[in-house]
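Reader: I have a model open and want to learn to read it. Can we go feature by feature?

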Amino acid sequence: MKTVVISILGTALDRRGSKRNRWSKWRPTISMCQQEDLIIDRLELLIDARSQSLADIVTEDIQETSPETEVRQHIVDFTQPWDFESVYSTLLDFSRSYNFKPDRENYLIHITTGTHVAQICLYLLTETRHLPGKLIQTSPPSKDSNSTGEYQLIDLDLSKYDQIASRFKKEHEEGTTYLKGGINTLNATFNRMIEHLEQVSIRSEEPILLMGPTGAGKSQLAQRVYQLRKHRGKLMGELVTVNCATLRGESAMSALFGHKKGAFTGANHERPGLLSQANGGLLFLDEIGELGLDEQAMLLRAIEDKQFLPLGADKEVSSDFQLISGTNRDLLEAVNKGHFREDLLTRIDLWTYTLPSLRERIEDLAPNIDYEIEKYAKKTNSQISFNKTAREKYLSFGHSQQGIWSGNFRDLNASITRMATLTNGGRITSDIVDEEIVRLVNKWSQSIGKNSSPSLDITKYLNKNTIEQMDYYEQACFSVIIESCKKANSMAEAGRILFDKSRETKASNNDSHRVKQILTKYGISFAQIKNI
Amino acid sequence: MIIIDGSKGEGGGQIFRSSLTLAMCLGKSVRIENIRAGRKKPGLLRQHLTCLKAAQAICAADVSGADLGSQEVIFIPGALKPGEYHFAVGSAGSTTLVFQTIFPALAMLDESSELLFEGGTHNGMAPSYDFIRECFLPRMQNLGYCVDVDIEAYGFYPAGGGRWRARIHPKQDAPVFDLLERGVVLSQSAVVTQAKIPAHVARRELACIGRDWPLAPEQQHLRFVESRGPGNILSLRLQMQNISEVFESIGERGVSAERVAQNAMIQVQQYLASEAPVGEYLADQLLIPMALSQGGCFRTTAKSEHLVTNIAVIRQLMDVDISIEKLGSADYLVSLAV
């Protein structure tokens, strides 16, 4: 491998000493070629046409002191050495035109000469690998020393530096801990998701879509992403949180995009709107699936062009905001049904994260209990704790089949708040837990009852044990199957009702067969259904 | 393949160069390990690489590990070839060390060789050209080595730019080397060689010498020479019946002329305090040429690390008896029997 250095002729440093005294001065480019543990096979010397005579002296001195080194002069335009744009393009042009052979030559980029602007440009070009090498920095000898000074090589592949790498890692860990609200969560899927989100939050300003059931923590997460970005200097403005479900009709447009005075009856004052308020900051649109189609159209334009038209205005206003959307609905389905714009969806779901329900990461129940307790204690400035048996009882209930947690972390938050409020002297006892368990069981059975009400009673068709093992979704499907069979005169007819879309794409239809298969799975026949 | 542990003894560049010289002269392959182990910058430096490449050039050696920082070199010498060689060394290395590494090998051939060296000639870290010419080569003459040298330009550190030639003739038969007595002093002189530095520096050096060592005006020499860069070297010379000794001190930035003079004077005084003819620096340089000739003996003023190291290297590559016997406080008898 040959060693090739790319260096700007130092019109100040390489000129040091009058022509006669130059050997008593440290001249970086020459000293670099005299190092006892570095042989430079070729030096690419970038010079401005006005410095030709200096370049010739330097070239001659190098050839004399370092016969191994071939010096190639390149005339480049440094007429504005302190103008970033001009210097950068000059150096970029050089790097583009240079025929790098990284398999045969090692490149060192000398950053001690040239203006500071040039040094910064060399750094940037090296970091972006336009100049595929390491940096070399030379430094003068200590006072009165007769040596040729020192040099250091700097590899910008930072992963090679243990200290820096560990600091990056620490920062990354701090970021993820932050996004988790300081909760030491155990669920691997969730932790992986948060790690990913941490990197995306810091590196990207593109929209993020948070999906997940109510109470899974979407708005908390959005808020933490905001705080993290603000802490790292990625945004300056404020966090504007909007629940789209609360926006209805005419007022929705106005609330989001603002209006001019007199835009409609009652518009007595100008209103900037939430999008304008989020300028330079972050807009969190929760329940975005609830947004009306008109608002969706406006929002799409606001995201794409950072511009929108307030009600009654004749001129567009602009707002540059980062966006996080939240939804508990299947937006793809909403798109299919025509309730949600497909182009908007593709614009907001560049980074999509699905937050698991509490039930799906039940191992995180314990750390979240601790977190909620601490939060409550801080808020009320009191000492709250479980006694040991109480905590175990609550945890085992939470983990059991009964612990449905349909409202997810919102349920947990409310539950802890209730128990903490009821303590005497800040101790949550078994009695308090027992009472709370009753409350939760009631609440969840009601919600299940509510969910079950539209579908027909399936207990007549299946035994209790089987039903208990079935998801709510499966129960609903089953009730639809029963309903269809009731309506139909034959299995084939039931099949035509149940598979009305998919059967059309099949070459041959055996509708009765598909129905029979399902019924067999549940151990019930068409005739039996008809008879019940 | 003979394995040399480069970290032994002086543990620097000398053991490496001596191994190369003997490998070429004896036609033996060597593997030098742990080169400059434990040094701040371990492994081969540029000047060592220069010597290695020069050695490779004159004998078409098969070499592996010829890289900066390499701590292991395998050197398999081929056939020595006389002729004209040009070695551009640059300022970091020293032309004289390259010369000392290769001349014994070229002298073994039936034809003369003409070497041209470019780079440093007086850099303070290696014997100067003047030391080679005035002190080293006359003793080589006693051993049958016949080398004519001629300088065209001086090369000081850091500018370099020196240029000199050496014509190496086929080695003559010579008697057993014997240098036990100095003989009477025939002449003595102080020589300042200087370029691109104010003349008062050289005059102050001579004046300072004159205070400790009365020299007649004709024994004091100021040589203002042409050189690419600035430089100053003071050389004190004693010409005796059996030997000429040269003591040098290099002028450096930040070192006063008086200090430079003192450094040289101390060496002369130490030498004169002993009766041994061979000074510390010449002693280790004599050994390899002696071992390649009929052997012999000499008395020297010091048992230096370099001397001991060279003895060890020679013993590893040759079947010779070498002994050092202490005769006095600054008086050692070195005997080498082939």
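Author: Start with the surface. This is a predicted model. In it, chain B exposes about 13400 Å². Carbon and sulfur atoms supply 47% of that area.

Reader: What percentage of the residues of chain B count as buried?

Author: Of its 338 residues, 57% do. Look at the contacts in chain B too. Among those with a separation of 6 or more, 71% come from residues 24 or more positions apart. The secondary structure of chain B comes to eight helices and 16 strands.

Reader: How do I read confidence?

Author: Where pLDDT is low, the predicted coordinates should not be read in detail. In chain B the mean pLDDT is 94, and 99% of the residues reach 70 or more. The model as a whole scores ipTM 0.87 and pTM 0.67.

Reader: Now a helix. What span should H4 of chain A have?

Author: Helix H4 covers residues 116-127 of chain A. At 1.5 Å a residue, its twelve residues should span 16 Å. The end C-alpha atoms are 16 Å apart, so the two agree.

Reader: Which residues of H4(A) are buried?

Author: First the general idea. An α-helix has 3.6 residues a turn, so residues three or four places apart point the same way. Now the case here. The buried residues in H4(A) are A:Val117, A:Ala118, A:Gln119, A:Cys121, A:Leu122, A:Leu125 and A:Thr126. They pack against strand S1 (2-8), helix H3 (84-97), strand S4 (105-110) and strand S5 (134-139) of chain A. Just after the helix, A:Arg129 takes a positive phi of about 65°.

Reader: And a sheet? In what order do its strands lie?

Author: Trace it in chain A: S8-S9-S12-S7-S13. These five strands form an open sheet with parallel pairing. Strands S8 (239-243) and S13 (351-354) of chain A stand at the edges. Each has a single partner strand, so one side of each is left without a neighbour in the sheet. From one strand to the next, the twist averages 15°.

Reader: How many bridges join S7 to S12 in chain A?

Author: Four, between S7 (residues 208-211) and S12 (residues 322-327), which run parallel. Take A:Ile208: its bridge partner in S12(A) is A:Ile324.

Reader: Which strands does helix H6 of chain A lie across?

Author: H6 (residues 188-203) lies across S7 and S13 of chain A. The helix runs at about 155° to S13(A). Helix H7 (residues 218-231) of chain A also packs on the sheet, touching S7, S8, S9 (282-286) and S12. The direction of H7(A) makes about 175° with that of S9(A).

Methods. Residues are numbered from 1 along each chain as its sequence is written. Chains are lettered from A and ligands numbered from 1 in the order in which they are written. This is a predicted model: local features need pLDDT of at least 70, side-chain atom pairs count only at pLDDT 80 or more; totals for chains, interfaces and linings use all residues. Side-chain values use heavy atoms; hydrogens and water are left out. Two strands pair if DSSP finds at least two bridges between them. Helices (H or I, at least four residues) and strands (E, at least two) are DSSP runs, numbered from the N terminus. Axes are lines fitted to C-alpha atoms, for helices over the stretch in contact, and angles run from 0 to 180 degrees between N-to-C directions. Contact means heavy atoms within 4.5 Å. pLDDT is the predictor's confidence in each residue, from 0 to 100. The expected span of a helix is 1.5 Å times one less than its number of residues. Buried means under 20% relative accessible area, exposed over 50%, partly exposed in between (1.4 Å probe, protein chains only). Accessible areas come from the Shrake-Rupley method with a 1.4 Å probe; for residues, only the protein chains shown count as cover.
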